[in-house]
Amino acid sequence: MSTEYHRSGGHYIGGRWREPTGDRSVEVRNPATEEVIGDYPSATGDEVQEAIQAAKQSQVDWGRLPAKERGDLVREVADLLLEHKDELASLLVEEQGKPRSVAEGEVEASADLAEYMAEWDRRIEGDILPGDSQDESIHLQRQPVGVIAGIIPWNYPIAVFIRKFAPALVAGNTLVAKPSEVTPVATLRLTELIDEHVDIPDGVYNLVVGGAETGEELVTSADVDMISMTGNVKTGKEIMRQAADNLTEVSLELGGKAPAIVWKDADVDEAVDDVLTARITNTGQVCTCAERVYVHSNVRDEFEQKYVEAAQDVEIGPPESDPDMGPHVNARELRKTEDAVERAQEEGAEIRLGGTAPDEDEFADGYWYEPTVVTDVDQSMDIMQEEVFGPVTPIMEIDSLDEAIEYANDSRYGLSAYVFTNDYKVAMRASEELEFGETYINRTLGESWQGHHIGWNESGMGGEDGKYGFLKYTQLKTVYHNYS
Ligand code: NAD
């Protein structure tokens with residue numbers, strides 16, 4: 001049995017590895033060096049259909065297994081993640097460019113999430129209601145949705161994969177997952193490990209590699225019962241359109257443009273720390289990253305000065321050496337960040353820090369960009385409206401809470417927001433009025449698995465994590481029992 005599909009590519013279908021038959025492939029590069037890691041064959045339409053059929057055929061038996069047994073298998077995957085943390089983290093560093101400790105944190109958090117979701121195995125509850133007729137009882141019971149298509153982005157390849165795999169399987173669904181074409185390596189390795197060490201019945205879990213065309217093949221199938229996709233807004237809309245023909249349910253976790261409101265009574269040092277962490281984590285490539293700052297005029301100068309100083313101290317370097325910040329994932333993402341800053345400059349913004357790649361020789365190859373602070377911005381500029389997904393912080397002054405909330409809500413996105421204040425009334429009003437799925441008060445980014453991660457507005461629909469994220473992977477059935 002080969003264990004090298006994560007180096008050569010392959011598709012995992014019906015409990016077996018398949019040698020790819022297609023002639024298309026995706027090239028994967030190390031973002032820090034631009035070296036080619038490998039050329040990964042894309043699944044053909046036939047291969048995707050085979051994976052869907054394998055998932056469909058295994059679903060009924062899997063759904064009938066006691067949920068505790070399904071949960072136990074997902075717990076084994078959690079253990080596997082921890083046992084192979086170093087190896088999986090190394091692959092994440094190599095293919096995605098995240099600093100070593102962030103990669104290890106991703107694997108640990110994924111194990112924790114799998115553990116959390118497995119706990120739902122004995123909590124799949126329904127309701128029993130009295131009927132309207134004599135001797136009638138109404139049972140609302142939760143059943144699996146069926147075959148799930150899990151579409152994964154490149155920024156947290158393992159964590160977002162587990163975010164779909166664990167609840168889907170615990171709830172009794174089967175899965176065909178597709179990693180991002182940019183970062184398939186760690187997911188392929190995890191799949192090898194699952195295949196070797198965890199006795200999941202054949203067909204319950206399948207993995208196909210490829211880009212948009214492979215994804216399209218998956219989301220347009222009438223045999224897929226729900227699409228759980230994480231990625232950008234444009235792709236989410238495209239998938240929703242494609243799903244419409246079969247009325248396939250969609251759960252979309254999309255991009256964000258999180259505002260950070262720094263109120264006049266905030267602890268400025270802590271706000272600087274938390275906003276900067278929320279901006280540069282994973283080189284700004286997190287959907288919940290703080291993307292725009294609204295700071296009260298009373299503390300604007302102090303905040304701006306301290307933020308620039310702190311951003312200047314951010315250490316950039318080879319991800320394996322565990323710096324504060326690594327490279328962008330690829331040339332396309334770097335270009336997007338460069339364009340956003342150039343456009344802001346053309347529109348009249350001032351670059352207070354950065355705005356360029358670091359110029360030392362060690363950064364000659366790779367997709368590097370310095371932490372960047374932009375001031376003199378106004379609400380209409382793209383830099384305040386469009387997701388940047390890079391380490392760029394535009395800072396804008398506000399004078400009132402009304403103004404801060406109005407600007408924060410003036411966005412097509414609605415994923416996360418941050419508020420820094422010691423005034424209870426301000427915190428309450430902001431959390432009440434901000435139109436975002438999650439609001440962080442006096443803290444930096446990072447969700448807890450028992451919470452609920454959901455985008456409002458164009459940031460998505462469906463939601464993940466916690467009770468409500470788990471229940472997305474079930475569907476309700478009503479049974480009327482007449483026992484007269
Ligand atoms: P992307 O939309 O380019 O790709 C995401 C996935 O969709 C990939 O696997 C891709 O191959 C696939 N895909 C592309 N076109 C498709 C199609 N027509 N049909 C089916 N599948 C298709 O996103 P990305 O660049 O990989 O990820 C970055 C984006 O993801 C950012 O906007 C970020 O904010 C967002 N994101 C959101 C969350 C969240 O939980 N809300 C988490 C992580 C990332």
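How many nonpolar, polar and charged residues does the shell around the ligand have? By class, that shell has 12 nonpolar, 11 polar and 6 charged residues, where Ala, Val, Leu, Ile, Met, Phe, Trp, Tyr, Cys and Pro count as nonpolar, Asp, Glu, Lys and Arg as charged, and the others, Gly among them, as polar. The model is a predicted one, in which local features need pLDDT of at least 70 and side-chain atom pairs count only at pLDDT 80 or more, while totals for chains, interfaces and linings use all residues. Residues are numbered from 1 along each chain as its sequence is written, and side-chain values use heavy atoms, with hydrogens and water left out.

Let us begin at the ligand. A residue is near a molecule or strand if one of its heavy atoms lies within 4 Å of it, and of the 29 residues around the ligand, I152, E181, T235, E387 and H453 come nearest. Some contacts here are polar, a polar contact being a pair of N or O atoms within 3.5 Å; within protein, one atom must be able to donate a hydrogen and the other to accept it, and residues adjacent in sequence count only if both atoms are side-chain atoms. A polar backbone atom of I152 is 2.7 Å from an oxygen atom of the ligand, and a polar backbone atom of N232 is 2.9 Å from an oxygen atom of the ligand. In T235 it is a polar side-chain atom that lies 2.6 Å from an oxygen atom of the ligand. On its own the ligand has 850 Å² of accessible area, of which the protein covers 93%; such areas come from the Shrake-Rupley method with a 1.4 Å probe, and for residues only the protein chains shown count as cover. The elements that give two or more residues to the shell around the ligand are helix 8 (212–219), strand 10 (226–230) and helix 9 (233–244), and helix 9 gives the most, with 4 residues. Helices (H or I, at least four residues) and strands (E, at least two) are DSSP runs, numbered from the N terminus.

Helix 5 (residues 100–118) holds E108, and its 19 residues should span 27 Å at 1.5 Å a residue, which agrees with the 27 Å between its end C-alpha atoms; the expected span of a helix is 1.5 Å times one less than its number of residues. Among the buried residues of helix 5 are R100, A103, L113 and M117, where buried means under 20% relative accessible area, exposed over 50%, and partly exposed in between (1.4 Å probe, protein chains only). The buried residues of this helix pack against helix 3 (67–83), helix 4 (85–96), helix 6 (157–170) and helix 16 (466–471). E108 counts as partly exposed because its relative accessibility is 37%, and, not counting residues up to four places away in sequence, E108 touches L82 and K85, contact meaning heavy atoms within 4.5 Å. Helix 7 (residues 185–197) has 13 residues and reaches 18 Å from its first C-alpha to its last, close to the 18 Å expected at 1.5 Å a residue. Helix 7 is mostly covered, with 10 of its 13 residues buried, including V185, L188 and I194.

R18 has its place in strand 2 (residues 16–18), and R18 counts as buried because its relative accessible area is 18%. Leaving aside neighbours within four places in sequence, R18 is in contact with G10, H11, I13 and E50. H296 lies in strand 13 (residues 290–296) and is likewise buried, with a relative accessible area of 4%. A polar atom of the side chain of H296 lies 3.0 Å from the backbone nitrogen of N298, and H296 also touches V262, W263, K264, I398 and D399, not counting residues up to four places away in sequence.

Finally, we turn to two loops. Most residues other than glycine have a negative phi. Phi of D322, however, is near 55°, a positive value, and D322 sits in the loop between helix 11 (300–312) and helix 12 (331–346). N442 has a positive phi of about 55° although it is not a glycine, and N442 belongs to the loop between strand 18 (438–441) and strand 19 (460–461). D322 counts as partly exposed because its relative accessibility is 33%, and N442 is partly exposed, with a relative accessible area of 37%.
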